[in-house]
Amino acid sequence: MSRTEARQRARVGIARLRSLIVGLLALVAAATATACTTDGDRPGIVVTTNILGDVTREIVGDQADVTVLMKPNADPHSFGLSAVQAAELERADLVVYNGLGLEENVLRHVEAARESGVATFAAGEAADPLTFHAADDGGPRSEDGRPDPHFWTDPDRVRKATGLIAHQVIEHVDGVDAGTIRANADRYAEELTGLTAWMEKSFDRVPEGKRALVTNHHVFGYLADRFGFRVIGAVIPSGTTLASPSSSDLRSLTEAMERADVHTVFADSSQPRRLAEVLRAELGGRVQVVELYSESLTAEGEGADTYLRMMRANTTALVDGLTGD
């Protein structure tokens, strides 16, 4: 073979190698583009609070992406959104929120998403809401007549909401399998039925005379209604943690607690316990302060990272706090 022929064959080989590399790069680029398109096409559901987020994830499973806006241990009354989170709301296929005034700094973003054409569902408004009423035994009055957003303290109402959320997902989120969504919702509803039965059995340990609740703010109205408790009052005589008690509010509450012979205050884990400690000082140190996970789930492994675990932990704390010496 002449030197000229060798050079020609080398050039042909290099050209073929270049063509092969270009072809492989094109295949990789196409595969990447396809993967990105697939991920971008996955249906997306945005949920405002982490309690509803946990319930929604149980229903949806792997059928869609579920984004929860509220971080663990946050306060639903006061948490806000970043610009990125606000944009996520308007890109969602469905927004699930509590409503009834709970997410006070987020509702305007939910409204903006609705106006832009996003399907939204207010679970609290659909769960047979109760209204705030005057506290029992003469304690400070609450926001009488206003709807109470804390429906999740009654697991039966959460079970009702589970079916309604499943219907909204099937109705508004393209690409999900309706049979899978219904099966997930039915399975979770059975777990909630079991939770209600377990709570009833646990609360049977609390004598009638001790079924009186005092909390940081009015959050357990639904639990009291479902399981037969009296709400004596709250340190903050309001349904929101953004309010503040007056000295007359605290005086009225301590008087109501003394009349009812109540010495236990249940303080929300997402709020400072300073206000409950004030009561302890008012009553001469005869008050036990018990912490509950009443408005937010915790981070994973911290005791209340799912709705079911939160309710079991709260039930145990309530029973121990009301029956202890």
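How many helices and strands does the secondary structure of the chain come to? The chain has 10 helices and 8 strands, where helices (H or I, at least four residues) and strands (E, at least two) are DSSP runs numbered from the N terminus. This is a predicted model, in which local features need pLDDT of at least 70 and side-chain atom pairs count only at pLDDT 80 or more, while totals for chains, interfaces and linings use all residues. Residues are numbered from 1 along each chain as its sequence is written, and side-chain values use heavy atoms, with hydrogens and water left out.

Let's start with the chain as a whole. Of its 325 residues, 48% count as buried; buried means under 20% relative accessible area, exposed over 50%, and partly exposed in between (1.4 Å probe, protein chains only). Among contacts (heavy atoms within 4.5 Å) with a separation of 6 or more, 65% are between residues 24 or more positions apart.

Now for the interior. A nonpolar core is a set of buried Ala, Val, Leu, Ile, Met, Phe, Trp, Tyr and Cys residues joined through side-chain atoms within 4.5 Å. The largest one has 56 residues, and I45, F151, V169, L223, F229 and Y307 touch the most other members. Helix 10 (residues 307-323) gives the most to this core, with 8 residues. Apart from it lies another core of 15 residues, including L69, L81, V110 and A122. Back at F229, the residues touched beyond four places in sequence include F203, R211, L223 and L322.

Next, a helix pair. The axes of helix 3 (residues 83-91) and helix 4 (residues 107-115) come within 8 Å and cross at roughly 35 degrees; axes are lines fitted to C-alpha atoms, for helices over the stretch in contact, and angles run from 0 to 180 degrees between N-to-C directions. Helix 3 contributes A86, L89 and E90 to the contact, and helix 4 contributes H109, V110, A112 and A113.

Finally, some loop residues. S294 is found between strand 8 (288-292) and helix 10, and its 2% relative accessibility is why S294 counts as buried. Leaving aside neighbours within four places in sequence, S294 is in contact with I51, W152, V219, F220, D268 and N314. Most residues other than glycine have a negative phi. N73, not a glycine, has a positive phi of about 65 degrees; N73 sits in the loop between strand 2 (65-68) and helix 3 and is partly exposed, at 37%. D128, also not a glycine, has a positive phi of about 55 degrees.
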